[in-house]
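Q: Could you walk me through how to read the contacts between chains and around a ligand?

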Amino acid sequence: MSTFIELLVGGISVGAVYALIALGFVVIFKATEVVNFAHASLLLVGGFVIAKTHPLVGFWAALLLGVAGAAALGALIEFAVIRRANVLSHSVLAIVTIGVDLILVTELTRQIGTEVLALGDPWGSDVLQLGSVNVPATRIAALVSAAVVITAFLLAFKYTSWGVAMRATAEDSETAALMGVRRGRVSMGAWAVAGALAAVAALFMCVFPTPGLDRNVTAVAMKAFPAAILGGLDSTGGALAGGFIIGITESLVGGYQEELSFLGRGLGDVAPFLVMIIVLLIRPAGLFGTKELARV
Amino acid sequence: MSRIVTPLWWVLVAAGVVVAPFYLDGIWLQDGLFAMAAAIGAIGLNLLTGATGQLSMGHAFFLAVGAFGYVYFASAPSGDGELDGLGLPTPLAAVLAVLLAGVAGGLFSPIAGRLKGAYLGIATLALIFIGHFAMSNATPVTGGHNGRPVPPMELFGFAFTDTPEPLVIAGVPFGALERLWFLGVVLLVGAGLFARGVLRGRPGRAMNTIRDHEIAAGVMGVPVTRYRAGVFVLSSMYGGLAGVLIALVFRQTVPDYFGLILALSYLAMIIIGGLGSVAGAVIGAFFVSMLPSLFTRYSDALPLVAPTGQEGIGAAEAAQILYGLAVVVVVLFLPGGLFGLFTKARLRLARRSAPAAPVKHALTPTPETRN
Amino acid sequence: MNVHDPRPPGASGLSVRDLAVNYGPVTALRGISLDVPRGAVVTVLGGNGAGKSTLLRAVSGTLRFQRGGITSGEVTLDGVKLSGAATSAVVARGVVQVPEGRRVFARMTVEENLRAGALGARDRRSAAEARERVLELFPVLAERARQRAGLLSGGEQQMLAMGRAMMACPEVLLLDEPTLGLAPLMAARIAETVREINAQGTTVLLVEQNAAMALSLASHAYVLEVGEIALSGPAAELAASDEVRRRYLGVGGDAGDPPVRPDGAAVRRPALSRWSA
Amino acid sequence: SEKATGGGGSGAAASADGVKTGPGVTADAITIGMITDLTGPYASFGKSLTNAQQLYFEQVNQAGGICGRKLESIVRDHGYDVQKAVAAYTEIGPKSVALAHVVGSPMVNAVKQRIETDQMLTIPQAWATHLLGSKPIQVTGTTYDIDMINGVEYLVKEKGVKSGDSIGHLYFEGDYGETALNGSKFAADKLGLKLVEQKIKATDQDMTAQVAAFKKAGVKAILVSVGPRQTASLVGVALAGGMKVPFLGSNSAYSPQLLPTPAGPALLAAFEYVTAGAPMSSDLPAIKKLGEDYKAKYPGDAVDSGVSAGYTAAGIVVDALKKACEGKDLTRAGVVAAHRGQNAWGEQYGGVMDFTVFDKPASLRSYVVKPDKEALGGAVVVKEPFTADIVKDYQVPSGG
Amino acid sequence: MSDTYQPDGMTSVPRLEVRDVTVRFAGLTALDAVGFSVEPGSVHAVIGPNGAGKSTCFNVLSGVYRATSGSVRFGDAELTAMAPHRIAGLGLARTFQNIALSPHLSVRDNLMLGRHRLTRAGFVSAGLRLPSARREAARHNARVEEIAAFVGLTERLDVPVGLLPYGVQKRVELARALCMEPRLLMLDEPVAGMNGGERRDMAELITAVRESLGISILLVEHDMGMVMRLADAVTVLDFGRLIADGPPEKVQNDPEVIRAYLGATSETEEAAS
Ligand SMILES: Nc1ncnc2c1ncn2[C@@H]1O[C@H](COP(=O)(O)OP(=O)(O)OP(=O)(O)O)[C@@H](O)[C@H]1O
Ligand SMILES: Nc1ncnc2c1ncn2[C@@H]1O[C@H](COP(=O)(O)OP(=O)(O)OP(=O)(O)O)[C@@H](O)[C@H]1O
Ligand SMILES: [Mg+2]
Ligand SMILES: [Mg+2]
């Protein structure tokens, strides 16, 4: 039983990290209806800046720099690419972000080389004892950050005109412009925000219990895709739920690997995707996503 | 004027293709074969993503099904009982492998018929991971992580191998690559013509309308869900055929190869070449699959690219960056892809040579798939 | 009836001078000059593809979204140049357009659409007032406040588009076919609304296919044909013209009349037999 | 064309000095290929290998070359991509007499058939048993399973693990992990231990769930056959969670680059690994000299296990060539035959290898090594090479 | 137009019978027990204020929406449970209130799509270009050209639809529906966005269709002049309920219809004259 709880808690805490990444997808999807496959490179930049600057300026300042750097890169991608490709279908735009990702990840991994970079976080390998369960302090921090950030976004989308402007632009940028929305600012803002979120997510991805930032970090970002889809690509709360579901699934399937071995080895990696497929079969727009509307 | 030029052009291309194996080194033939296989796969993906507007990020899975399907059907079980196989005649095995890929696509049709856009894209991403899981667990079929050797194709007693008897034509030793070259050309031409027929015929129009206006398509009598699933199956079979050819060229299939990178490169191909057309897929496939080898081989002649083993941007990295860049540039500046550029240039040429001739309307073949 | 009767430049109001617009290689407008004095309702008539929407796009600065651009001439508001400014800057100066074809934000609710309209409003209080006025004018929007706009009927969407533009409390309202697809009663209501908005001081540039209605509202009218101004003059004068009546008013078109194409030529239609095969 | 003459084709010819030559050998040069990873996940390892081998060839050339010919190397990067590796083989294979290293067992597998057809002496930089059993392919030192058997016995003899205890094994899917698992399974069975397996993928980063599982099973020691990052996560999480057991890795589970990261202290505290090759800090004269030469030639580059591994492999190829030269047969088959004639090679590098059999590992002896911040290469010897008693009963599965 | 009009092949055009059709969306009844029938070969108009449920009715008839209850019979076939493509197969064709063409395809290809239900070529025969597929394509292409000529699109056949003006696109919509060789043609606001001249042209076209093909036409339109001129029968909806049904003259003077839809007088026209 205590193993189960430990796995559950572990899953929730990893889920928080996935949720942060998934939230980045969601923000961009809401603002531009583009699935951003370049999110991995935003993660990498955020982490890279933190890793390179913390010995010089200390962790918190480095974190700020990382957030700023990733936000700037996000804004740059929007400005240089997404904005200029406005006439194309969103599927094509998604493929463009793959191209962007390819460029950035190639260059960044070259920069990182084969090193494993430490991020200099204050939590180190501290572990909190919750009853019989051990939880790394970094994961508690991730959970708290995810909860705060996601609540903030839920509120922002609902109650500020920024949210309305963003969604209006996403749907029809020409008409949104007629409402006085500065299209560039809104979607650039969204990309910058997504970049900032990615930097925060990168932080939690690269601190204990993982050894540090290296070129393989981007692979983890893949798991945030089922998280985002499962919750519904346009749902902020869905990102959180999706993150948790993926985190817990992965943790349980990994932890009970022995017992599940009749299903084949390495199930932990496919389980998130299987869960996603099942959810999509029942709810094609994810758990909390809005159904695609159609009327003629 | 163009009535004479066009056939002439084709005759030249055909001649080039036939004499190529007599002059090109193995490595070029091999690159060419990889590109042909990629082109077949890309044509299939273009039917799905370009013409029907269904984003798929799992195309590599169907290549794997084709490749391993062929190996399984064609190989005899290994002596130590570790590897299974049916030992069927190789052409039959190839056909069955393609069908198997189609069946795999059909099994996915509850998803493929109902989802679209980003949701379908990411759902198909699951295929990559599920495929990897299956391949590394079904060891008797796939040989597990190491893959297994590919039995060479044998058509009417003619084997596509280096051995046994050295076949020498016009002083050139005809090994596996030289022989496969012609098989690849035949398969590619066949696959291309078939796809063109589909696109220009009744199914193509239905596919385009599903892409542009799903409801209208239904009301006009197109069974949308069934068509979507059908195109997915067809595109899977193209993937399967590409997989068979790749297996034959590799001579050893390895599960790792059929990963996400491969799937994404297929998307890059159809974007770079031009969405929705057969020629676009072929051009894109050659571009993406030849680029890295060109860079590697000519790295010393290229500025900014460091020769293997030296500091700086390596050939592989440069190729990665360039093809990422190509995707971006094409989308931003060449909405019809390289093929669009080509048609535009031809139009301009035609206009120049015959200024009086009425110019046909050229709408760039970029699909507007916002719905 | 004057073919050209430009008002003296520098007058207050919206003024278009020698405007030419291209979409890539296609020229959509050339040599257009027209004036909308402050407080007036001016209408632009014309067949399909004459360039009416293009004209409004040129004013509100949305041509670039359609890959078009102004090649010569300019648009000014109260003597200050508008053309070349970003759309948001044009909105900031109180010029708001109701685009052709409704263009509601289909995935957002009615309420959110109205809020989006208020993004261009200059202060919060006036937005609240505007909202009240809109809901009073189109009660159905209040009933459907939480419905997704994409699910509204065609006419309801048209009302929403109109209401949305009014949320910004515009000084100059550009209307592109506001009665398209509206029931007669509702079309009359829209006409009434335009009149009312105008009475409260809003300047209106109205593009309309329903020429009868448009001419009854406007003080001045222009007729566009293939990108150029073919006729212009006081609305009443144009309404009386036989040419306009025949081409745009749809009156006197009995079933027995030979059908007329937009270019005025009679059509000779081949017969269609039933398909047998 | 060059092609029509069969340029560099397969037929052997005798050159002016009476030495039979084939592809890769001309009157004045011998070309040796390397198919390596310079841009993929094993880039630093690939770089060290390449550097070390080029250093070796340079030294041979300075000493006059082989058979009056200079050694030339031709390097291709596959970035850990199978297709690129196959392309690389197609390109440089016809021009090379041997492959001084190929990184990655999937890559070797992909071209295995051709290596056999071509009789191309090839030194893979991977230690899976699947690579055994092929005449031209020479796996150096032990395979992962032998290391694990030696390691488990070491745990029992020196780390307090007793019969009846459980031990854990964390391993990668694929050749590497599965070869190691074969060894640990055998040893656990022989020594009365219960083995708890956890399989992961190379992309997994966070070992929390695996630690929980090991903890649940109450393991007394953990074997680690994964990548360095996963090792760091595993050891870090376990120690932080109060799990104080010894960790014993395969030689690919460790990299000195981990020491400056937050995982460093945990690794220093509880981790050791088993390897056939002497660490760079060893005081064997040959290794010491290599360290100095390497630092002189590549002052900026880190020294890791790739340096000695590459250097040793280069030595194997060069010695095979030398012996082949003595036999006046520098064809590929001649080189392979010459190579297979040696039964005690490499004393100076700390391990003796027998090349005459090729369905068994060339050596059964392993070092136990542990991380060390100060040492060259980041590791020092804990236990000199030894062979476990139970190894003699072990039937090595080979790839055939 | 009189009610006695008898098209030659009338037997093949069945009656459309809508009975008690109710459509509910979350919290909204778009159609409330609506029933009417369309006599073979007649032009039947459905009018009503915006949001009355006219398009919803079309959507039910064409299978885009599923009725919550009620039945729609076309001859012997019950339509309410059928998928859109099956309904199309019975010979019901429609145009859309908002244009729903493929902008990148040529007019010809858009029209050929209308032939989908009448043609057979599948992936295999189209891909292999079997003689049967080619013959089929040629035969139907000829018919497409005939219909294009009838609608006045001959010169535009090879132009991508997206480049055409709105009014022409509306005609392409009609032509595409005609290409389905329908037995019942449903037109949703065919003249919206057109000026007087263009409206007359379209009205004439609809008359010609009915005269030469003898098919039933169901028409939704806000242009009362046109409705009065073309329709044999008119059904009036308001808030999803049927408020009047009958010949145009009768409906036009129904006080309920005047209150809900027409307004006291058509004041705009008065003002203009
Ligand atoms: N985005 C565009 N790209 C190219 N040409 C365009 C574009 N939009 C309009 N046009 C062309 O410009 C001309 C004027 O179009 P516009 O939409 O302004 O006409 P309109 O008078 O508003 O017609 P309608 O009554 O149909 O709305 C037409 O010939 C049209 O084909
Ligand atoms: N899919 C849907 N979901 C929810 N409500 C819908 C849906 N489709 C239509 N409605 C609602 O049903 C009512 C009837 O709509 P419908 O489109 O049939 O009106 P209409 O009579 O065609 O009006 P118009 O003349 O304005 O086009 C409207 O209030 C609309 O908002
Ligand atoms: Mg217009
Ligand atoms: Mg309607």
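Q: How many salt bridges does the rule find across the interface of chain C and chain E?

A: A salt bridge is a side-chain nitrogen of Lys or Arg within 4 Å of a carboxyl oxygen of Asp or Glu. By that rule, the interface of chain C and chain E has zero salt bridges. One note before we go on: this is a predicted model, where local features need pLDDT of at least 70 and side-chain atom pairs count only at pLDDT 80 or more, while totals for chains, interfaces and linings use all residues. Residues are numbered from 1 along each chain as its sequence is written, chains are lettered from A and ligands numbered from 1 in the order in which they are written, and side-chain values use heavy atoms, with hydrogens and water left out.

Q: What area do chain C and chain E bury between them?

A: Buried area is the accessible area (1.4 Å probe) that two parts lose on being put together, summed over both. Here the figure is about 4100 Å², with 54% of it on carbon and sulfur atoms. On the chain C side, Leu272(C), Arg274(C) and Trp275(C) lose the most area to chain E, together 21% of what that side buries. Counting contacts (heavy atoms within 4.5 Å), 48 residues of chain C and 56 residues of chain E take part.

Q: How many salt bridges lie across the interface of chain C and chain A?

A: The rule finds four there. Look at Glu112(C) and Arg167(A), whose side chains meet in a salt bridge at 3.0 Å, N to O. This interface takes 30 residues from chain C and 27 residues from chain A, and its buried area is about 2600 Å², of which carbon and sulfur atoms give 59%.

Q: Why is the site of ligand 1 shared between chains?

A: A residue counts as near a molecule if one of its heavy atoms lies within 4 Å of it. The site is shared because residues from chains C and E surround ligand 1. Of the 16 residues around ligand 1, those that come nearest are Gly49(C), Lys52(C), Ser53(C), Thr54(C) and Glu100(C).

Q: Which polar side-chain atoms lie by an oxygen atom of ligand 1?

A: Start with distances between N or O atoms. A polar side-chain atom of Glu100(C) lies 2.4 Å from a ligand 1 oxygen, and one of Gln209(C) lies 3.1 Å from a ligand 1 oxygen. From the backbone, an N or O atom of Gly51(C) lies 2.8 Å from an oxygen atom of ligand 1.

Note on methods
Polar contact = N/O pair within 3.5 Å; in protein donor to acceptor, adjacent residues only side chain to side chain.
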